[in-house]
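Please read these points with the model open beside you. They go from the whole chain to its domains, and then to one strand and the ligand.

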Amino acid sequence: MRDGFLNVTSEIGDLRAVLLHRPGRELERLTPDYLHELLFDDIPWLKRMQWEHDEFAKVMEDRGCRVYYYEDLLEELIKVEHVKKLFINDLIKNSHIDSTELEVLIEEFLLTLTPKEIVEVAIAGLEKKDAPNLIEEYNLVDYIRQEYPFYINPLPNLYFTRDPGVVIGNGLAINKMKTPARNRETMFLEYIYQHHPLFKKPITPQWYDYKETYSIEGGDVLVLSDSVVAIGCSERTSARGIEILSQRLFKESSIKKVLAVQIPFTRAYMHLDTVFTMVDHDKFTIYPGVEDLLQAYELTEGKTTPRVKPMVSLKEALKAALNLPNVQLIQSGGGDDITAAREQWNDSTNTLALSPGSVITYNRNEASNETLRKHGIEVIEIEGSELVRGRGGPRCMSMPLIREEL
Ligand SMILES: NC(=[NH2+])NCCC[C@H](N)C(=O)O
């Protein structure tokens, strides 16, 4: 039984509703100088990227999934005058403007915009040249930042909607991001949670809050069943964050076990879902280059922090947690090390299940897709030449809101 709108009790149940963000002007504000800081490796061509993203959305819609967009939900919210004021205020607080006077001027400027324009600034940022003559007299901060092009930074990673939040059961975790480049994204989700009828705050429990100290990012969280969650301990997700979230889930939800999976802390695999995703009831795809390096721990409810049991392998941990006689770990890359590494970089293991045994992947990962098919998986390919440049695939680009129960 569920009262709220949200319900995700697996990685593979038929996908019925998903939250996306269609890439926008924020991508055109990437320049070589800020690529690294904004967590990109290259600059995508926006027009083509939007085309690819629309195709991605269509594949989901064609399978009976309702697609929601951050930008639409936010715009609806801030049509309410008092929410708009709160939102603008929080937007400024979360943008590290570092000058009270400038904050006031930007606030006044934003109040003259339409809700659509405000959302555009919130996501794509505010370039100084778009709000000229804001400052009459320079403070030290303004002098020092003269060369910097933005008052409010763009959020080019928002199209990876997987990361700022995650639905577990009928509740929502609003994550604490590891890097400043992505911090403001979580504030949007908080607004949707607080003010959008869809999320119905009094009914939807909240499992994590972006104001917590310890980072958790959604790319690390895999809802394996209605009682088991896997969480990657990674470059982005902290061990302490996993403990706090797990203990809360044990106490307040139907989750009984958490598999904490330690992966190497490195850019190429910033989240667990960049090397490992679930494709069917008992099938997973995994990047062979890290398989032997993964360490799995089984967490169960403890007094204040969870009890921990180190497991011999990920495979054994999955079998035990999911009560299965066997599980298949399908290696990406078709048996060739170089191919596997190249395709992993392009998100071959970052699959998004539309239903059990049916996944979306990028068409460029030919060997990995072929391998999945050989294992009986239906692979629906999408074009990802531009989308991939942010280092994320179909799973990263989607936040499931509802999946059918298995
Ligand atoms: N769930 C994921 N694997 N997300 C990928 C996010 C990529 C993004 N550029 C970042 O570094 O944050």
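1. Among contacts in the chain between residues at least 6 apart in sequence, 73% join residues at least 24 apart. Two residues are in contact if their C-beta atoms, placed from the backbone, lie within 7 Å.

2. This is a predicted model, in which local features need pLDDT of at least 70, side-chain atom pairs count only at pLDDT 80 or more, and totals for chains, interfaces and linings use all residues. Residue numbers start from 1 along each chain as its sequence is written.

3. Overall size comes next. The radius of gyration of the chain is 21 Å, which agrees with the value near 22 Å that a compact globule of 406 residues would have. That radius is taken over C-alpha atoms, and the globule rule is 2.2 Å times the number of residues to the power 0.38. The C-alpha trace spans about 70 × 45 × 40 Å along its principal axes. Of the 406 residues, 47% are buried (20 or more other C-beta atoms within 10 Å of the residue's own, with C-beta atoms placed from the backbone).

4. The chain has 12 helices and 19 strands. These are DSSP runs numbered from the N terminus: helices are H or I with at least four residues, and strands are E with at least two.

5. An automatic or database assignment sets the domain bounds: domain 1 covers 15-69 + 157-403 and domain 2 covers 72-152. Their C-alpha centres lie 31 Å apart. The contact takes 15 residues from domain 1 and 14 residues from domain 2. On the domain 1 side, strand 2 (66-69) and helix 7 (183-195) each supply at least two residues, and helix 7 gives the most, with seven residues.

6. Which residues of strand 6 (residues 171-174) are buried on each side? Gly 171 and Ala 173 are buried on one side, and Leu 172 and Ile 174 on the other. In a regular strand the side chains alternate between the two faces of the sheet.

7. Strand 6 has partners (two strands pair if DSSP finds at least two bridges between them). Strand 5 (residues 165-168) runs antiparallel to strand 6 and is joined to it by four bridges, with Val 167 partnered by Leu 172. Two residues lie between these strands in the hairpin, where Gly 169 takes a positive phi near 60°. Strand 7 (residues 206-208) pairs with strand 6 in the parallel sense over two bridges, and Ala 173 has Tyr 208 as its bridge partner.

8. Of the 15 residues around the ligand, Leu 39, Gly 219, His 271, Gly 392 and Cys 396 come nearest (a residue is near if its C-beta atom, placed from the backbone, lies within 6 Å).

How values were computed:
Buried ≥ 20, exposed ≤ 12 C-beta atoms within 10 Å, placed from the backbone.
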